[in-house]
Amino acid sequence: MDLSSLRTMRTIIYGPPGTGKTHTLLQHIEKFLEHTSPDKIGYFTFSRNAAQEGKQRSVDKFKLSYDDIPYFQTLHSFCFNQLGLSKDQVMKEKHYKELGEKMGLEIEGTQQDEDHDSVFYSKNPYIQLINIARSKEIDPVKYYHLTDNQQVSLNKLKIISEELERYKSEHGLIDFPDMIEKFLATGEPPKLRVMFVDESQDLSLIQWKLVRRIEEAATDSFIAGDDDQGIYKWNGAHVNTFINLEGTRKILEQSHRVPQKPFALANKIINRVRNRVEKKYYPKDTTGSVNRCQSLYDVDFTKGKWLVLATANYMLGDIGDVLDEKGLYWQRRK
């Protein structure tokens with residue numbers, strides 16, 4: 001997909017950790033608000049949390065109401081609203097569970113709430129494969145042959161894929177890939193003065209296609225992200241599209257979050273990656289520390305406040321068990 005031959009004036013902002021991507025975008029938004037109506041400004045992300053953060057910051061900083069900025073939203077919410085859909089038309093956790101029960105298949109998953117823009121993530125390898133294939137605009141069976149997924153039976157994949165489509169058709173429902181596909185087929189983008197896209201490294205090919213459609217109707221665009229933080233390839237993210245974007249490039253050079261020692265270790269690791277945008281930026285003016293331990297039992301959590309990260313969500317349960325044994329108070333998702 002070519003996103004280079006474009007009349008829109010595009011600025012690409014590369015923001016390493018802690019360099020203030022969202023803050024920088026808000027500064028640009030503030031400049032446009034001096035001579036642009038808020039409803040002619042679009043701010044889009046894939047993540048609901050990121051969209052809400054950008055929306056709330058704008059409301060607080062610029063003394064606006066939510067109604068003033070209708071295009072500050074996730075890409076899925078944008079399609080939902082532009083297509084005039086209702087919440088009752090969207091596949092939810094309960095629907096996947098019912099579908100699974102009818103097929104004798106356990107479709108476990110998580111959904112933050114029952115809203116229209118709360119994405120359903122399933123641990124089921126068949127649902128995962130189907131969703132990733134569609135994010136890449138590839139037929140699930142063809143994608144199966146491309147990946148040679150050992151967890152998945154081809155015949156079972158065909159049945160589940162067909163049953164999912166039949167279930168949606170019978171109940172008048174659509175899922176999240178459907179929203180984008182339907183908008184790309186029939187939707188008309190608003191004529192924006194400027195479009196902002198945050199956390200762009202997380203976008204899939206079909207989401208990039210949607211961004212291109214919105215961007216074509218805008219005069220200016222600012223696309224921000226960090227390819228070094230592109231960790232969602234497993235979920236269909238296409239970081240190479242972000243890496244290969246053409247336009248005026250700006251690299252944010254000062255991290256306000258990362259101390260010197262973690263900075264040195266992180267850069268030693270990331271510099272091994274061949275296909276990336278070379279970025280020179282600086283750590284904040286504190287030394288910090290990097291300590292290796294064999295187990296969380298070796299860490300003294302009683303001093304200060306801690307943020308504990310894991311490679312995958314399922315690992316956080318075990319971490320909670322360790323903290324329980326230590327008699328420590330902890331929070332996860334409130």
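Where is Val 258 found? Val 258 lies in the loop between strand S8 (248-251) and helix H11 (260-270), and the legends below begin with the helix pairs and return to this residue at the end. The views show a predicted model, in which local features need pLDDT of at least 70 and side-chain atom pairs count only at pLDDT 80 or more, whereas totals for chains, interfaces and linings use all residues. Residues are numbered from 1 along each chain as its sequence is written, and side-chain values use heavy atoms, with hydrogens and water left out.

**View A. Packing of helix H3 on helix H9.** Helix H3 (residues 75-82) and helix H9 (residues 205-216) pack at an angle of about 60°, and their axes are 11 Å apart; helices (H or I, at least four residues) and strands (E, at least two) are DSSP runs numbered from the N terminus, while axes are lines fitted to C-alpha atoms, for helices over the stretch in contact, with angles from 0 to 180 degrees between N-to-C directions. H3 is therefore oblique to H9, given that angles under 35 degrees count as roughly parallel, over 145 as roughly antiparallel, 65 to 115 as roughly perpendicular and the rest as oblique. Leu 75, His 76, Phe 78 and Cys 79 of H3 meet Gln 207, Leu 210, Val 211 and Ile 214 of H9, where contact means heavy atoms within 4.5 Å. By class, this contact of H3 with H9 has six nonpolar, two polar and no charged residues (Ala, Val, Leu, Ile, Met, Phe, Trp, Tyr, Cys and Pro count as nonpolar, Asp, Glu, Lys and Arg as charged, and the others, Gly among them, as polar).

**View B. Packing of helix H6 on helix H7.** Helix H6 (residues 140-147) and helix H7 (residues 154-171) pack at an angle of about 155°, with 10 Å between their axes, and are therefore roughly antiparallel to each other. From H6 the contact involves Pro 140, Val 141, Tyr 144 and His 145, and from H7 it involves Leu 154, Leu 157, Lys 158 and Ser 161. The residues of this contact of H6 with H7 comprise five nonpolar, two polar and one charged.

**View C. The largest nonpolar core.** This core has 33 residues, and those with the most contacts inside it are Phe 44, Phe 78, Met 179, Met 195, Leu 210, Val 211 and Ile 214; a nonpolar core is a set of buried Ala, Val, Leu, Ile, Met, Phe, Trp, Tyr and Cys residues joined through side-chain atoms within 4.5 Å. At least two residues of the core come from each of strand S1 (9-14), H3, helix H8 (176-186), strand S6 (194-197), H9 and helix H10 (239-243). Not counting residues up to four places away in sequence, Ile 214 touches Phe 44, Leu 75, Phe 78, Pro 189, Leu 192 and Met 195. Another core, of 19 residues, lies apart from it and includes Leu 105, Ile 127, Ile 132 and Leu 164.

View D. With a relative accessibility of 14%, Val 258 counts as buried (buried means under 20% relative accessible area, exposed over 50%, partly exposed in between, with a 1.4 Å probe and protein chains only). Val 258 touches Pro 17, Phe 263, Pro 283 and Lys 284, not counting residues up to four places away in sequence. From Val 258 to Lys 280, 22 residues apart in sequence, the C-alpha to C-alpha distance is 14 Å.
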